[in-house]
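Reader: I am new to this one and would like to go through it step by step. Please show me the sequence and the model.

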Amino acid sequence: MRLRRFLAAGAALAVTTAAATLPPTAGPVLAAATPAASQTATAADSSVGGTIVHLFQWRWESVAQECADVLGPAGYHAVQVSPPQEHVVLPDENHPWWQDYQPVSYRLDNTRRGTRADFIDMVETCRDHGVQIYVDAVINHMTGTGSIGSGPGSAGGQFSKYEYPEVPYSDSDFSDCRRDIANWDDPDEVWHCELLALSDLRTSTAHVQQQLADFLNDMIAIGVAGFRVDAAKHMPPADLAAIYGMLDPVPGTGEQPYIFQEVIEGGGPDSLRPPAYAGLGDVTEFRYHRQVGAQLRDGQLSGALNALPGQMSLPAHQAVVFIDNHDTQREDPSISYQGMGSAHDVAQAFMLAHPYGTPKVMSSYPFTSTIQGPPSTGTAPGNPAGELTAATDCGSGDWFCEHRNPAVAGLVGFRNQVGDAPIADVWTGNGGAAAGFSRGDLGYAVFNRGGVLNGQTFQTGLPAGSYCNVASGSRSDGDGGCTGAAYQVAADGSFQANLGGDSVIALHRGETGSGDPGNGDDPEPPAGCEFAVTAETWWGQQVHVVGDLAALGGWQPANGPAMSSADYPIWRTEVALPTGASFEYKYIKRNPDGGVEWESGDNRSGTAGPGCSFQDNWRG
Ligand code: ARE
Ligand code: CA
């Protein structure tokens with residue numbers, strides 16, 4: 001089934017809004033944007049974009065395959081890909097992922113993710129499957145002072161700091177302030193001094209603007225439909241307006257490219273805050289990660305609901321929201337898939353079901369050091385001498401592929417189905433750890449970050465019928481059935497369910513199907529099993545239970561449910577497991593840097609059933 005998609009209207013609309021606030025140099029932007037804006041004007045209130053997934057560090061051919069196999073069918077709107085231009089190569093640091101953020105030239109010929117031909121094939125394959133490509137555009141700077149001072153870059157280009165003959169840029173194309181930003185409250189420094197010792201482009205000049213526009217237009221001509229503007233906060237809005245004004249419309253759609261800008265809200269003046277950039281395109285809303293993400297992590301679902309939209313810095317139609325991104329999951333692993341396991345799925349599902357902002361799903365790989373490059377077959381991670389492993393092989397453990405998990409992928413379809421229908425029937429329970437809401441009369445979703453809640457009644461706006469739970473891997477399979485659980489909505493719109501720990505139930509009109517709990521099409525309600533282990537830890541360590549069932553992380557340390565230390569030294573959690581299932585498990589201690597300590601000895605074993613409870617002592 002082809003799912004309904006959103007118009008990517010945010011950028012076009014936002015540019016028009018900028019009319020009043022931009023300096024005169026912004027004239028061309030307006031002129032270019034007016035036709036697109038009028039076509040989409042009716043979308044003003046519903047112009048939040050469709051779901052973006054960040055396939056962090058994936059090879060181009062893996063992205064293409066994923067568009068065909070997973071993203072198109074699931075209803076993802078766009079992929080954010082890692083920077084595609086020639087970059088520095090840092091063998092002495094084992095090729096960290098952040099090589100890509102130090103451009104050497106704007107050639108797409110040879111990055112560790114593939115060739116220009118691979119890139120073109122990706123854009124076309126994804127477009128054929130209804131998925132757009134958004135490029136992470138590094139346009140504030142070139143290379144930094146650090147482990148490498150000169151070329152060649154990944155495509156063989158020569159360079160030294162402030163000299164990039166391939167573009168070409170020379171010394172005068174860089175800002176005069178040749179030192180790190182010291183005063184982060186001073187716009188002049190933030191815009192014109194160096195971020196992380198990276199050579200800062202003089203983005204106010206016609207020459208630099210032309211090189212940047214040529215780079216972006218080269219990708220637009222290939223079919224790239226949008227950009228994440230890296231470090232946008234480090235460029236004056238007027239410079240960005242001039243560059244955006246030089247961009248071509250996207251072939252095929254004729255619309256201006258979708259733009260969202262990375263502006264991390266800090267303590268500085270208004271000119272450095274997200275609203276100052278929102279007139280030019282959408283903006284990353286870091287409060288979502290910091291506040292809503294933290295509340296979802298901490299099981300405060302009602303708090304997360306209450307924060308939206310009032311505690312955000314941007315209106316919904318200008319905000320790009322995310323639970324974590326590639327930077328935050330390294331700086332603050334407590335809100336990331338690696339740190340939270342299945343709880344992160346619940347958090348991303350909540351983001352997708354809620355109408356605030358354009359959601360960006362994170363898809364990442366496990367790491368033990370924050371600079372570690374992507375998985376490769378070489379001796380060092382990300383070593384371009386070895387091929388990056390195929391990211392589509394999600395079962396290998398090299399890549400998390402959290403965007404494929406049913407609670408995430410299923411909720412992308414939910415979001416497409418409910419469109420801009422308003423929130424209604426808000427319910428909170430489980431001491432605030434669970435919350436649910438309707439989206440008009442088109443869908444209903446409920447999220448639980450607390451323990452098992454049996455026999456709960458939920459009020460929806462849905463018509464009576466049998467609905468598949470799209471968050472548990474269930475989809476209409478063409479013959480009118482659900483492949484997994486189904487729930488029966490009564491004539492008054494209510495349904496009854498047992499809510500597992502860290503679980504999501506999402507029902508919508510697009511995925512109805514026969515079968516209800518007990519009709520044979522549906523498994524028995526899950527059993528809430530208690531795990532308790534006495535384990536001494538040092539501050540910062542976190543105990544998880546890991547086992548061979550999916551709900552126990554499938555033996556992947558990063559996916560095993562986290563345990564609570566409220567009764568330290570006894571760590572506890574309750575996990576919903578399939579009734580009757582026999583399983584094996586162990587406890588692990590996870591260190592803040594991602595390192596894992598397994599307990600010794602054989603695997604433990606158990607069977608899930610009513611009242612199941614496992615009391616253990618850590619085996620050191
Ligand atoms: C690396 C080394 C540096 C070295 C540099 C040059 O780590 O020590 O000086 O190379 O040799 C990424 C990595 C960096 C890496 C860089 C270049 O994260 O570690 O540097 O690539 O290879 C600010 C900016 C924001 C920026 C963050 C990181 O405002 O734009 O800092 N985020 C983007 C990307 C990053 C990327 C870059 C920019 C550079 O998402 O992945 O860096 O292209 C407060 C402030 C924020 C500030 C934040 C810093 O919240 O309000 O404005 O963000 O602190 O944490
Ligand atoms: Ca700058």
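Reader: Thanks! What kind of model is this, and what is left out of side-chain values?
Author: This is a predicted model, in which local features need pLDDT of at least 70 and side-chain atom pairs count only at pLDDT 80 or more, while totals for chains, interfaces and linings use all residues. Residues are numbered from 1 along each chain as its sequence is written, chains are lettered from A and ligands numbered from 1 in the order in which they are written, and side-chain values use heavy atoms, leaving out hydrogens and water.

Reader: How far apart are the end C-alpha atoms of helix 6?
Author: Helix 6 has 17 residues, and at 1.5 Å a residue they should span 24 Å. That expected span is 1.5 Å times one less than the number of residues. The model agrees, because the end C-alpha atoms of helix 6 lie apart by 24 Å.

Reader: Which elements do the buried residues of helix 6 pack against?
Author: Buried means under 20% relative accessible area, exposed means over 50%, and partly exposed is in between, with a 1.4 Å probe and protein chains only. Among the buried residues of helix 6 are Val208, Leu212, Phe215, Met219 and Ile222. The buried residues of this helix pack, by contact (heavy atoms within 4.5 Å), against helix 4, strand 5, strand 8 and helix 7.

Reader: How many charged residues are in the contact of helix 4 with helix 6?
Author: Helix 4 contributes Arg116, Phe119, Ile120, Val123 and Arg127, and helix 6 contributes Asp218, Met219 and Ile222. Ala, Val, Leu, Ile, Met, Phe, Trp, Tyr, Cys and Pro count as nonpolar, Asp, Glu, Lys and Arg as charged, and the others, Gly among them, as polar. By class, this contact has 5 nonpolar residues, no polar ones, and charged residues numbering 3.

Reader: How many residues of helix 7 are buried?
Author: Helix 7 spans residues 237-245. Its buried residues include Pro237, Asp239, Leu240 and Tyr244. Helix 7 is largely enclosed by the rest of the structure, because its buried residues number 8 of the 9.

Reader: Is Ala231 buried or exposed?
Author: Ala231 sits in the loop between strand 8 and helix 7. Although it is not a glycine, Ala231 has a positive phi of about 55°. At 3% relative accessibility, Ala231 counts as buried.

Reader: At what angle do the axes of helix 9 and helix 13 cross?
Author: Helix 9 covers residues 286-297, helix 13 covers residues 342-353, and their axes come within 10 Å of each other. Helix 9 is oblique to helix 13. The crossing angle is roughly 120°.

Reader: Which residues of helix 13 make that contact?
Author: On the side of helix 9, the contact is made by Tyr288, Val292 and Leu296. The contact of helix 9 with helix 13 has 6 nonpolar residues, with no polar and no charged ones. The partners from helix 13 are Ala347, Phe350 and Met351.

Reader: What separates the C-alpha atoms of Asn306 and Val292?
Author: Asn306 lies in helix 10, residues 301-307. Asn306 counts as exposed, at 61% relative accessibility, whereas Val292 is one of the buried residues of helix 9. Asn306 and Val292 are 14 residues apart along the chain, and their C-alpha atoms are separated by 9.3 Å.

Reader: Finally, what share of the residues in the protein chain is buried?
Author: The protein chain has 14 helices and 28 strands. Of the chain's contacts with a separation of 6 or more, 70% are between residues 24 or more positions apart. Among its 620 residues, the buried share is 59%.

Methods:
Axes are lines fitted to C-alpha atoms, for helices over the stretch in contact, and angles run from 0 to 180 degrees between N-to-C directions. Helices (H or I, at least four residues) and strands (E, at least two) are DSSP runs, numbered from the N terminus. Angles under 35 degrees count as roughly parallel, over 145 as roughly antiparallel, 65 to 115 as roughly perpendicular and the rest as oblique.
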